[in-house]
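Visitor: I would like to go through this structure with you, one topic at a time. Could we begin with a single residue?

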Amino acid sequence: MHIPDGYLSPQTCVVAYAAAVPTWTVASRRVTKVVKTRSVPLLAMFAALSFLVMMFNVPIPDGTTAHAVGAVIIALVLGPWAAVIAVSVALLFQALLFGDGGVLTYGANVLNMAIIMPFVGLAVYRLVAADAPLTSRRRVVAAAVAGYVGINAAALAAAIELGIQPGLFHTASGAPLYSPYNLSQTVPAMLVAHLTVAGAAEAILTAGVFAYLQRADLHRLVPNHPGVTLTEGSRAVPQSSGLTPARVAVGFILVMVALTPLGLLAPGGAFGEDAPQDLDLAKLGLSSVPEGLNRYNGFWSHTLLGGYGFSNGENATIGYWLSAVVGIAVIALVIFLLGKVAERIVGRREPSADRAGARRAGRTVDVAGVERASSPSGQSAGSGGEAGRSS
């Protein structure tokens, strides 16, 4: 689902960025909810997890591969705006460090996987869960359905973006300039892969993490479920187990890192991600590689570990492990630092808001932050003024 550079026209990329930039702006403001609840480390961990699951390429019966994303579970636990930030950061470093997805097409990849996917998934979750208690099995089912629908919505968006290129951008003779696939090819190819294997993987991931948090760390789910009843009737709220969720999460990520080379066992590659020289021109009815695809495909050539491996192609397993370690370290660190910056910004804003609220309530706050009741004339009682000295 990572669209490489060259497959989308510059015009399409501009439109995608035009949708992504304002969403990032809003997300950066709305994610303060995560900062206030001290969930920044969890957000960093989720971003690292999203990066890792996108490295697991699962074989598809038609010879291609697909992968889960993890955007929906972030939206369910920390909110859709947090998911926008986390997945956007993961996608950015996948493109810059590993060449997975393009830089010109980064806006489109963000639109599909970091915006459409979490918001659609959250809407489906709320529809299916309805007013069920937070600890009910219905919410686990709702999480699974949300993950499944969310990733397929993202896949459909990518299929449309790729499929409209030949009709909109072509030479005078009708030869495509960018993506050589039309809608009759892209929609079936993307949806078959995601309605079957990738959708199931996303559903299992989303439901599994949600069910675990229900039992082991319910309070993590509460902030994003305002007004939702915790349990049915007189049932007790599940207590946290001795093994903390933080340790479980770190252990899970370490296991995922160890298993990442399994993605190398998947034959073939993802649909629509072939390098120009790997295209089957005869099958596509083309005499040459589309001009725009050939021109822009190598736009970013400064990857650290291109294709999650070494440039000489040797020691693929070690290269994949190294890519996983570098990726989660960079992504988690960036998210953590962004969270700390947001914490400071929020911390500066809140005292000002508190002072404004105090004034509206008929109180003043001195430079030291001490509240003093105001007299009817607007002077502070005990401030040393004439009203304070009169008896």
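**Charged pairs and helix packing**

Guide: Asp217 is buried, as its relative accessible area is 5%. Please bear in mind that this is a predicted model.

Visitor: Which side chain does Asp217 meet in a salt bridge?

Guide: The partner is Arg220, with an N to O distance of 3.1 Å.

Visitor: And is Arg220 buried or partly exposed?

Guide: Arg220 is partly exposed, because its relative accessibility is 27% and the buried class ends under 20%.

Visitor: How many salt bridges does the count come to?

Guide: The count comes to 2 salt bridges. Besides the pair of Arg220 and Asp217, there is one between Arg295 and Glu291, whose closest N and O atoms are 2.7 Å apart.

Visitor: Where do Arg295 and Glu291 lie?

Guide: Both belong to helix α12, which spans residues 291-296. They are 4 residues apart, about one turn of the helix. Arg295 is partly exposed at 49% relative accessibility, and Glu291 is also partly exposed, at 46%.

Visitor: Let us change topic to helix packing. At what angle do α1 and α6 pack?

Guide: Helix α1 (residues 10-30) and helix α6 (residues 106-129) pack at about 55°, and their axes are 8 Å apart. The two helices are therefore oblique to each other, since that class includes angles between 35 and 65 degrees. Their crossing is left-handed.

Visitor: Which residues make the contact?

Guide: From α1 the contact uses Ala16, Tyr17, Ala19, Ala20, Thr23 and Trp24. From α6 it uses Tyr106, Gly107, Ala108, Val110, Leu111 and Ile115.

Visitor: How many of them are nonpolar, polar or charged?

Guide: The contact of α1 with α6 has 10 nonpolar residues, 2 polar residues and no charged residues.

Visitor: Now the backbone. What is the phi of Tyr308?

Guide: Tyr308 has a positive phi of about 60°, although it is not a glycine. The residue is found in the loop between α12 and α13, the latter being residues 316-360.

Visitor: Is Tyr308 buried or exposed?

Guide: Tyr308 is buried, with a relative accessible area of 7%.

Visitor: What about Asn315, where is it placed?

Guide: Asn315 is also in the loop between α12 and α13. Its phi is positive, at about 50°, and it is not a glycine. Whereas Tyr308 is buried, Asn315 counts as partly exposed, with 49% relative accessibility.

How values were computed. Residues numbered from 1 in each chain as written. Predicted model: local features only at pLDDT ≥ 70, side-chain atom pairs only at ≥ 80, totals over all residues. Heavy atoms only, no water. Axes fitted to C-alpha atoms, helices over the stretch in contact; angles between N-to-C directions. Parallel < 35°, antiparallel > 145°, perpendicular 65-115°, else oblique. Left-handed = near helix turned anticlockwise from the far one by under 90°. Contact = heavy atoms within 4.5 Å. Nonpolar A, V, L, I, M, F, W, Y, C, P; charged D, E, K, R; others polar. Salt bridge = Lys/Arg side-chain N within 4 Å of Asp/Glu carboxyl O. Buried < 20%, exposed > 50% of the residue type's maximum accessible area, 1.4 Å probe, protein only.
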